[in-house]
Amino acid sequence: MEGQRAPQNNGTTTSDDIDRVVSPHLPLVPPPSRACHDNMYIVQFPKDQVYRIPPSENALIVERYRNPPPNEKKNQRVCCCSSRLLLTIAIILVTIIAIVGITLATLFIIYNPTGPIFTITNFAAKNVTKPPHYEISMRVKNPNTRLGIIYESSEISMLFDENEVAKGTFPKLLEQGKDSSTQFKVNVTGTSRTLPKKKGNTPMAFELDMNLGVRVAASGIETWIMKSNVVCKFKVNNLGSDSRILSQVCDTHFKQY
């Protein structure tokens with residue numbers, strides 16, 4: 001009514017006042033700084049739920065790995081094929097080496113190869129040319145009853161009174177059969193222009209040193225080159241046409257490894 005006055009609040013809050021404050025139909029007053037932006041919303045998240053967004057370059061990298069270009073696919077296939085081929089070849093080589101090694105080890109264990117035995121059968125000095133020339137006839141025996149021996153060409157030297165007087169080359173022999181002997185000649189050339197001189201009636205003592213390389217063979221399989229150091233000490237009556245061997249000792253140091 002017109003003559004009535006509005007009730008006073010007297011410092012208390014009624015239910016009507018509460019309904020008026022929380023009513024959703026009443027417009028909210030925007031903050032002063034955002035008053036002109038009607039379509040802007042402020043969303044707040046707890047700090048522990050804020051995640052870092054990766055850069056866009058990462059998506060390109062992932063896409064490249066998922067769908068590589070055709071050239072890259074081809075290169076990858078070629079690399080894979082090459083790697084597999086090399087691995088296959090390596091496995092084959094290792095297998096072959098292992099088989100050969102086991103075979104040779106079995107041969108050594110079963111047959112136990114021994115070195116050859118040398119004997120000097122004749123010695124002749126020829127002073128026709130300068131420097132002098134020596135011809136030594138020898139016999140070599142293969143003591144192995146199941147293995148053959150192949151002799152490689154190597155250097156030899158002859159000493160007189162512990163001084164080298166001649167040098168030569170050991171001839172390369174064909175495979176010597178098991179438990180067999182072979183005759184051959186060794187030619188050495190003097191290192192000085194004169195023959196050694198004999199002292200009275202004392203026999204002339206010589207020494208023949210041979211560092212040979214030999215291979216042991218069995219059933220068509222040959223071993224590596226093994227060292228056979230041979231030292232033959234012998235005495236002759238003179239260096240004339242009637243020269244003969246008075247005594248000799250030949251030692252063979254056979255090294256399998």
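User: What counts as a disulfide when one reads a model such as this one?

Analyst: A disulfide is taken to be a pair of cysteine sulfur atoms within 2.5 Å. The model here is a predicted one, and it holds 1 disulfide, in which cysteine 232 is joined to cysteine 250 with an S to S distance of 2.1 Å. The link of cysteine 232 and cysteine 250 is right-handed, with 120° about the S-S bond.

User: Which parts of the chain does the pair of cysteine 232 and cysteine 250 link?

Analyst: The two cysteines belong to distant parts of the chain, 18 residues apart, with cysteine 232 in strand β10 (residues 226-236) and cysteine 250 in strand β11 (residues 245-255).

User: Is cysteine 232 buried or exposed, and how should I read the accessibility of cysteine 250?

Analyst: A residue is called buried when its relative accessible area is under 20%, exposed when it is over 50%, and partly exposed in between. Cysteine 232 has a relative accessible area of 0% and is therefore buried, whereas cysteine 250, at 22% relative accessibility, counts as partly exposed.

User: What is found in the loop between β10 and β11?

Analyst: Asparagine 237 is found in that loop, and at 11% relative accessibility it counts as buried. The side chain of asparagine 237 reaches the backbone nitrogen of arginine 244 at 2.9 Å. When residues up to four places away in sequence are not counted, asparagine 237 touches Lys198, Asp242, Ser243, Arg244 and Leu246.

User: How should I read a salt bridge, and how many does the structure hold?

Analyst: The feature to look for is a side-chain nitrogen of Lys or Arg within 4 Å of a carboxyl oxygen of Asp or Glu. The structure holds 4 salt bridges. In one of them, the side chains of lysine 126 and glutamate 135 meet at 3.7 Å, N to O. Lysine 126 is partly exposed, with a relative accessible area of 38%, while glutamate 135, at 19%, is buried. Lys126 and Glu135 are also linked with Lys185 in a network of salt bridges.

User: Which residue forms a salt bridge with lysine 141, and where do the two partners lie?

Analyst: Lysine 141 forms a salt bridge with aspartate 179, and their closest N and O atoms are 3.2 Å apart. Because lysine 141 lies in strand β2 and aspartate 179 in the loop between β6 (173-176) and β7 (181-190), the pair ties together parts that are 38 residues apart in sequence. Both ends fall in the partly exposed class, lysine 141 at 32% relative accessibility and aspartate 179 with a relative accessible area of 45%.

User: What links arginine 215 and glutamate 152?

Analyst: The side chains of arginine 215 and glutamate 152 meet in a salt bridge of 3.1 Å, N to O. This pair, too, links distant parts of the chain, with arginine 215 in strand β8 (residues 204-218) and glutamate 152 in strand β3, 63 residues apart. Arginine 215 counts as partly exposed at 23% relative accessibility, whereas glutamate 152 is buried, with a relative accessible area of 17%.

User: Where is leucine 147 placed, and which residues is it in contact with?

Analyst: Leucine 147 is placed in the loop between β2 (133-141) and β3 (148-152), and it is buried, with a relative accessible area of 3%. Leaving aside neighbours within four places in sequence, leucine 147 is in contact with Tyr111, Pro113, Asn142, Lys178, Val216, Ala217 and Ala218. The C-alpha atoms of leucine 147 and glycine 177 are separated by 7.3 Å, although these residues are 30 apart along the chain.

User: How many helices and strands does the protein have, and what pattern do they follow along the sequence?

Analyst: The protein has 3 helices and 11 strands, and read along the sequence they follow the pattern α-α-α-β-β-β-β-β-β-β-β-β-β-β.

User: What share of the contacts comes from residues 24 or more positions apart, and what share of the residues is buried?

Analyst: Among contacts with a separation of 6 or more, residues 24 or more positions apart account for 64%. Buried residues make up 26% of the 257 residues in the protein. The accessible surface comes to about 19,100 Å², of which 56% belongs to carbon and sulfur atoms.

Conventions: Residues are numbered from 1 along each chain as its sequence is written. This is a predicted model: local features need pLDDT of at least 70, side-chain atom pairs count only at pLDDT 80 or more; totals for chains, interfaces and linings use all residues. Side-chain values use heavy atoms; hydrogens and water are left out. Helices (H or I, at least four residues) and strands (E, at least two) are DSSP runs, numbered from the N terminus. Buried means under 20% relative accessible area, exposed over 50%, partly exposed in between (1.4 Å probe, protein chains only). A polar contact is a pair of N or O atoms within 3.5 Å; within protein, one must be able to donate a hydrogen and the other to accept it, and residues adjacent in sequence count only if both atoms are side-chain atoms. Contact means heavy atoms within 4.5 Å. Accessible areas come from the Shrake-Rupley method with a 1.4 Å probe; for residues, only the protein chains shown count as cover.
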